[in-house]
There are 2 protein chains.
Amino acid sequence: MMDKTFSQWKQQCLSKVDLSKKGSVDQDIEHIVTLLNGLEQFFTTSSCSGRIIIIDTAAPGDSDVQKQNCIWLFVSHQKCTADDLVSALDRSSKDAVLKFEPFVLHVQCRKLEDAQLVHSVAINSGFRNSGLTVGKTGKIIMAVRSTHGLEVPLSHEGKLLVGQDYLHFLAQLANQKMEENLRRINRFYQNLQSALTTEKLQLQDPPDTQEPQHTIGQQGTTKEELSKTGVYKRRRRRDHPQADCCDGDGDSDVQELYGPLDLLILGGGDGGTSSPPV
Amino acid sequence: MMDKTFSQWKQQCLSKVDLSKKGSVDQDIEHIVTLLNGLEQFFTTSSCSGRIIIIDTAAPGDSDVQKQNCIWLFVSHQKCTADDLVSALDRSSKDAVLKFEPFVLHVQCRKLEDAQLVHSVAINSGFRNSGLTVGKTGKIIMAVRSTHGLEVPLSHEGKLLVGQDYLHFLAQLANQKMEENLRRINRFYQNLQSALTTEKLQLQDPPDTQEPQHTIGQQGTTKEELSKTGVYKRRRRRDHPQADCCDGDGDSDVQELYGPLDLLILGGGDGGTSSPPV
């Protein structure tokens, strides 16, 4: 019943015309979109690989709300040069703001467990602002979001507020963020593949089966693939320093929910998280 | 069973020492934290009312990851002056970045429906990056997050990259964001109160009861309170321009999931969302 609705949704969504400005999926995330849409339990509803933009708005304090009514002076899904920024800013007549907007992906999921798997992968890959939306009609959307941005005011009423050196520095910084963004995208892809493999193994094997690291499953999973999962586990710890918010410890809740044991039953064995569950 | 676990979690969490730097809940959101913790189906696990910070890091491209190893040059949960920024930057020896970090709140919820209610309220109040986390142990955390930030590099290896005029402009902009943040916080509080009232009415009244706008319920709900809900519904449309992402229409998924009819069965009657459900 529920599955029928989901596959109908999926068919309907994937047959729609892409209504984005660009009209197609960004090149750097095509492999992720293809992987997810090729699995029956997922389909992507929107995505952006990450971009550097400059927008000209009337209300500098509210560039987010005003995005609709503003002029796009520059958009790039690749690295930019200081010259790109300079020539974009030449056309500013209001308040221009440069933003680096990282990878974002919305995935509709068949079941809550499917969404939990993608969420776990997203968090472990460095996308700490990821989260689910569960609609009353049964729609489950998992949003992959990063905290990794940049939002820099550059002109006021058409007048440049910074010098050329600053624009050079900013272009460099935005490009570094673009690189880090790509690294996280690829980590997400690899972790997603590992998690899907692990999940498949779990479905095929009852939990008490010993020696899960032997070659099993349709795709011939080997020790090597399981150690990939191990790498991903260790990596996670480096990427998530203790968040420091004012009351409590911020996003550590999320880390705690998605401890290594949640996802990595097969690869487990190094003792799990160090902090006791609350 | 599940409720017992939740109330145990809640008791344990609320009896803990506040481990944040500040050691207490921020003043501007005390009413929200008190409201939620006073209801049996919720408790807050971390929060920040919003702040302007300047941090000095060794790796400018990775200020998010490096937050732990950096020096905090400035933190304010209220408005700032240009002088505040100047004197903070005087102490920079690495790469200083100013950030405006908006309101963030983590709420643990008893049931998925409780989390959906808070999520719906958050989205409708302008906190578009909000989302749920559902752990395998049954823990449900709703994170209220905004897209409304600022992240501006200001020094490189201790050398200031911008002029005094820029710092004046930036202080003004950060303060505008702080004001908008407070407006959204108060909207969230009001919408939360309305939604909780509406929910209570729904629980007491079977769906087919006619004339729901008459005075019913323990708290003597009147037409006035229902029209408050109406205001919130209209407001929602202004605050959520069509998101523009590269593939599809970004966060409009979330808006669609939480259309007015989801939350506002009692106040309904103006036709719901204009876009057909996908």
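Mentor: Helices (H or I, at least four residues) and strands (E, at least two) are DSSP runs, numbered from the N terminus. This is a predicted model: local features need pLDDT of at least 70, side-chain atom pairs count only at pLDDT 80 or more, and totals for chains, interfaces and linings use all residues. Residues are numbered from 1 along each chain as written, chains are lettered from A and ligands numbered from 1 in written order, and side-chain values use heavy atoms, without hydrogens or water.

Trainee: In which strand does A:Thr44 lie?
Mentor: Look at chain A, residues 42-57. A:Thr44 lies in that run, strand β1.

Trainee: Is A:Thr44 buried or exposed?
Mentor: Buried means under 20% relative accessible area, exposed over 50%, partly exposed in between (1.4 Å probe, protein chains only). A:Thr44 contacts (heavy atoms within 4.5 Å) A:Cys13, A:Leu14, A:Val33, A:Leu36, A:Asn37, A:Leu105, A:His106 and A:Val107, leaving out residues up to four places away in sequence. Its relative accessibility is 5%, so A:Thr44 counts as buried.

Trainee: Which residues touch the most other members of the largest nonpolar core?
Mentor: Such a core joins buried Ala, Val, Leu, Ile, Met, Phe, Trp, Tyr and Cys through side-chain atoms within 4.5 Å. The largest holds 50 residues. Those with the most touching members are A:Phe103, A:Leu105, A:Phe188, B:Phe103, B:Leu105 and B:Phe188.

Trainee: How many residues are in the second, separate core?
Mentor: That core includes A:Leu154, B:Ala82, B:Ala96 and B:Leu167. Its count is 48.

Trainee: How many aromatic pairs are there over all chains?
Mentor: Phe, Tyr and Trp rings (six-membered ring for Trp) pair with centres within 6.5 Å; planes under 30 degrees apart are stacked, over 60 edge-to-face, the rest tilted. Over all chains, the count is nine.

Trainee: Why is the pair of B:Phe6 and B:Phe43 tilted?
Mentor: B:Phe6 is in helix α1 of chain B and B:Phe43 in strand β1, 37 residues apart. Their centres are 5.4 Å apart, and the pair is tilted because the planes are at 50 degrees.

Trainee: Which residues are exposed on the other side of α3(A)?
Mentor: A:Ala82, A:Leu85, A:Ala88 and A:Leu89 of that helix are buried. They cover an arc (from directions, helix axis to C-beta atoms) of only 130 degrees, so they share the same side of α3(A). Exposed on the other side are A:Asp83 and A:Asp90.
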